[in-house]
Amino acid sequence: HLLVRRPPAATALLMACGMGGSLLFPGAFAGIDPTQNPVVWELAAELVVIIVLFATGLRVDQLGGWRRWLPTIRLLVITMPLTIAAVALLGWGLAGMTVGGAILLGAVLAPTDPVLAGDLQIGPPLEGKEHPVRFALTTEAGLNDGLAFPFVYLALYVASQGTDPAQWLAEWFAWDVLYRIVVGAVLGVCIGWLLGRILAVPAWNTVVASGPGVLALAGVFLAYGIVELAEGYGFIAAFVAGLACRRAEARHRFHQHLHAFASSIEHAITAVLLVLLGSVMPSLWPYLDWSHTIIGFGLILVIRPMAGMLGLVGSSLSLKERSVVAIYGVRGIGSLYYLGYASTHVEFIDEGPLWALVAFTIFASTVIHGLTATATVEVLDREYAENEGSEPDVDPR
């Protein structure tokens, strides 16, 4: 910040600092090698993701109608499966991965990240900045972290039971697709609505005036924990609980307090996690080859933009807006969680290359997207303000 006028790509710098520390002190980070100890990465990434998903749900000022959500739906239903399929094909055909490992690679790298894409998302509660591009990227990142889970389970089925769909297709679709998604969404809405009513609505409630921000953690842990016990998707529950909690009293300033606390916790843990990820990258370099580089850059520069444009065909967004949404599919912390989760449940032959490729792709994404995102959304915000006039103030209580 002292040396450059614009904010630097902080995520890339944090990872670079970790790499530098690892090179200066070889062996100091051997205990957190993800190929040997993936559970550390699974738990750390899980904590970050559920906090940021809840905070992301709290950000949304106006839900709007289905037309506002149409770009998000297209990104989830069309763009994400296309991305998974393309990456899996490259992993299998180009990198020589097993079928299960290739499907896992596609599932791990498909979700866009709500943690590292803050500059591209809508603003905090009551602050506006709900440009259609920001709204689409925010809601996509809020939901696709959970909706990638069925494909992770698909990879686990293939790795453990083989490629014959007759062995696992019915169970996978009924349990891992239908049941888990419905439970995550329904319980997330119920818990979030109840939490919002308790915290913000009663006139006699002193929590609004004096309640600690740690209530945000209590809320997200409650929603996530109950849904996980019911074997639903906790990531979906965390996001929709934030949305539902906000709807109980959408214009209340208390949501800003909850969001600010959750964001502070998220930023602190994320910073540590990124430094540690950078520190283990040198130990993963031996697994990295030219095919992984092609897959990583191909995902960021070709696959996601093309799949995004295809998914948004026919949407209400302009060509320029569709291009921005398609290009800025930031990869990040959610990928670490999914890979850590899969590694602790099934032993993959391709585990080392998978970790190396995911770490490389996250670093490349933070550099490419981090250096250009701020300038891009500033242009869109100016155009949006000129076309729509100044954003209306939200009447807080």
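## About the model

Because this is a prediction, local features need pLDDT of at least 70 and side-chain atom pairs count only at pLDDT 80 or more, while totals for chains, interfaces and linings use all residues. Residues are numbered from 1 along each chain as its sequence is written, and side-chain values use heavy atoms, with hydrogens and water left out.

Let's start with H2, which covers residues 38-59. (Helices are DSSP runs of H or I with at least four residues, numbered from the N terminus.) Its 22 residues reach 32 Å from first to last C-alpha, close to the expected 32 Å; the expected span is 1.5 Å times one less than the number of residues. H2 is mostly covered, with 17 of its 22 residues buried, where buried means under 20% relative accessible area with a 1.4 Å probe, protein chains only.

H14, at residues 333-345, has 13 residues and spans 19 Å, close to the 18 Å expected. Eleven of those 13 residues are buried, among them Ile333, Leu336, Tyr337 and Tyr341.

## How H4 meets H14

The axes of H4 (residues 99-109) and H14 come within 8 Å and cross at roughly 150°. That angle makes H4 roughly antiparallel to H14, a label for angles over 145 degrees. Axes here are lines fitted to C-alpha atoms over the stretch in contact, with angles from 0 to 180 degrees between N-to-C directions.

From H4, Leu104, Val108 and Leu109 make the contact, meeting Ser335, Tyr338, Leu339 and Ala342 of H14; contact means heavy atoms within 4.5 Å. By class, this contact has six nonpolar residues, one polar and no charged ones.

## The nonpolar cores

A nonpolar core is a set of buried Ala, Val, Leu, Ile, Met, Phe, Trp, Tyr and Cys residues joined through side-chain atoms within 4.5 Å. The largest has 88 residues, and Leu104 and Leu336 have the most contacts inside it. H2 gives the most to this core, with ten residues.

Leu104 touches Val152, Ala155, Leu339, Ala342, Phe348 and Leu354, leaving aside residues up to four places away in sequence.

## A buried serine

Ser291 sits in helix H12 (residues 290-311). Ser291 counts as buried because its relative accessibility is 2%. Not counting residues up to four places away in sequence, Ser291 touches Leu94 and Ala95. The C-alpha atoms of Ser291 and Gly96 are 9.1 Å apart, although 195 residues separate them along the chain.

How values were computed
Helix = DSSP H or I, 4+ residues; strand = E, 2+ residues; numbered from the N terminus. Buried < 20%, exposed > 50% of the residue type's maximum accessible area, 1.4 Å probe, protein only. Parallel < 35°, antiparallel > 145°, perpendicular 65-115°, else oblique. Nonpolar A, V, L, I, M, F, W, Y, C, P; charged D, E, K, R; others polar.
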